[in-house]
Amino acid sequence: MRAEFIPHGRKGFGLRYRRYVALGDSCAEGLDDPYPDGSGYRGFADLAAARLAERAPSLEYANLAVRGRRLDQILAEQVPLATSLRPDLVTLFGGGNDVLQGRWETRAVAEALDDAVRALAEAAATVVLFTLTDITGRLPGLRRLAPRVALLNRMIVGTAARHGAVLVDLRGDVAAGDGRYFGGDRLHLSELGHRRVAAHLLRALDIPPAENWLAPLPPVVREPYWRLAAREWTWLRHHVFPAVHGTVRNRLIGRQPGDGFVPKRPEPARVTTGG
């Protein structure tokens with residue numbers, strides 16, 4: 001299966017966008033896809049913005065996403081700034097941290113999502129939402145969270161329908177089952193994964209992506225068990241243990257994930273094409 005794109009109302013299709021604003025969490029910020037020169041994280045939103053700018057060189061792009069942010073924080077911190085920028089295209093990729101952070105309240109999550117999308121739809125001609133792939137399938141120990149992921153995705157689908165947003169439904173994407181589309185922590189997208197999501201976004205807007213962004217990867221080469229075991233140990237040591245330690249520390253000191261980080265591109269500006 002491939003990802004589905006459901007344009008509820010098709011608002012804004014065929015436009016050469018004037019101003020694009022991306023909102024969300026670490027995925028929208030661009031983790032785990034660093035620029036080759038080490039200047040920061042790129043990600044699907046930067047890639048899509050560059051492609052859009054090839055069609056409309058005067059396009060301005062802002063990225064307000066901050067890693068670790070939940071939907072209620074996106075609503076409070078990012079949505080007001082986004083609407084003040086008067087965009088005609090907005091993407092919102094979020095909800096994963098609501099699933100992972102252990103403070104799930106169904107009504108509060110649904111209200112934050114609905115309030116955010118309502119405000120964005122009033123400000124922008126085209127609003128795009130994304131469902132999430134099932135992160136619990138590739139992260140051992142998180143299977144208990146699978147019902148949350150499914151519920152969140154139903155909320156996202158329903159919210160898109162209510163407010164006439166474009167829905168990029170990633171749940172059926174074959175990439176979700178291929179570890180090469182994810183970074184070393186197995187949670188954030190790799191360069192390949194971000195290119196793929198950017199391609200899905202562009203296709204949802206009736207804009208052709210770069211040809212190789214959706215090209216199938218070669219078959220996986222089977223590795224000896226000792227190498228697989230070494231990779232598991234590296235993952236545990238460098239990603240799982242630090243994540244657990246950071247979660248415990250944050251709870252002890254009252255710190256929220258994402259505190260201290262700021263948007264990488266808070267002001268709309270023209271983008272460099274290509275990428």
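Helix axes here are lines fitted to C-alpha atoms over the stretch in contact, and angles run from 0 to 180 degrees between N-to-C directions. All views show a predicted model.

**View 1. Helices α5 and α6 pack side by side.** Helix α5 spans residues 106–123 and helix α6 spans residues 146–163. Their axes lie 10 Å apart, at an angle of about 30 degrees. Angles under 35 degrees count as roughly parallel, so α5 is roughly parallel to α6. The crossing of the two helices is right-handed. On the α5 side, the contact is made by Thr106, Val109, Ala110, Leu113, Asp114, Val117, Arg118 and Ala121. Facing them in α6 are Leu151, Leu152, Met155, Ile156, Thr159, Arg162 and His163. By class, this contact of α5 with α6 holds 9 nonpolar, 3 polar and 3 charged residues. An α-helix has 3.6 residues a turn, so residues three or four places apart point the same way.

**View 2. Helix α3 also packs on α5.** Helix α3 covers residues 71–84. The axes of α3 and α5 are 9 Å apart and meet at an angle of about 10 degrees. The two helices are therefore roughly parallel to each other. From α3 come Leu71, Asp72, Leu75, Val79, Ala82 and Thr83. Their partners in α5 are Val109, Ala112, Leu113, Asp115, Ala116, Ala119, Leu120 and Ala123. This contact of α3 with α5 divides into 11 nonpolar, 1 polar and 2 charged residues. Val109 and Leu113 of α5 take part here, and they also meet α6.

**View 3. Strand β5 sits between β4 and β6 in its pairing.** Strand β5 runs parallel to β4 (residues 89–93), joined by 4 bridges. Leucine 89 stands opposite threonine 126 of β5. Strand β6 (residues 166–169) also runs parallel to β5, through 3 bridges. Here phenylalanine 130 stands opposite valine 168 of β6. How many residues of β5 (residues 126–130) are buried? The count is 5 of the 5, so the strand is largely enclosed by the rest of the structure. Thr126, Val128 and Phe130 point one way, while Val127 and Leu129 point the other way. Residues on both faces are buried.

**View 4. Helix α2 is largely enclosed.** Of the 13 residues of α2 (residues 43–55), 10 are buried, so the helix is largely enclosed by the rest of the structure. The buried residues are Gly43, Phe44, Ala45, Asp46, Leu47, Ala48, Ala49, Ala50, Leu52 and Ala53. What covers them includes helices α1 (26–29) and α7 (191–204). Strands β2 (19–24), β3 (60–63), β4 and β5 are also among the covering elements.

**View 5. A cis peptide bond lies at leucine 31 and aspartate 32**. The bond joining these two residues has an omega of about 15 degrees. Aspartate 32 belongs to the loop between α1 and α2.

View 6. Arginine 86 is not a glycine, yet its phi is positive, at about 55 degrees. This arginine 86 lies in the loop between α3 and β4. Its relative accessible area is 61%, and arginine 86 is exposed. Aspartate 206, also not a glycine, has a positive phi of about 60 degrees. The loop between α7 and α8 (225–253) holds aspartate 206. At 48% relative accessibility, aspartate 206 counts as partly exposed.

**View 7. The whole chain.** The protein has 8 helices and 7 strands. Of its 275 residues, 49% count as buried.

Terms used
Residues are numbered from 1 along each chain as its sequence is written. This is a predicted model: local features need pLDDT of at least 70, side-chain atom pairs count only at pLDDT 80 or more; totals for chains, interfaces and linings use all residues. Side-chain values use heavy atoms; hydrogens and water are left out. Buried means under 20% relative accessible area, exposed over 50%, partly exposed in between (1.4 Å probe, protein chains only). Two strands pair if DSSP finds at least two bridges between them. Contact means heavy atoms within 4.5 Å. Angles under 35 degrees count as roughly parallel, over 145 as roughly antiparallel, 65 to 115 as roughly perpendicular and the rest as oblique. A crossing is left-handed if the near helix is turned anticlockwise from the far one by less than a right angle, and right-handed if clockwise. Ala, Val, Leu, Ile, Met, Phe, Trp, Tyr, Cys and Pro count as nonpolar, Asp, Glu, Lys and Arg as charged, and the others, Gly among them, as polar.
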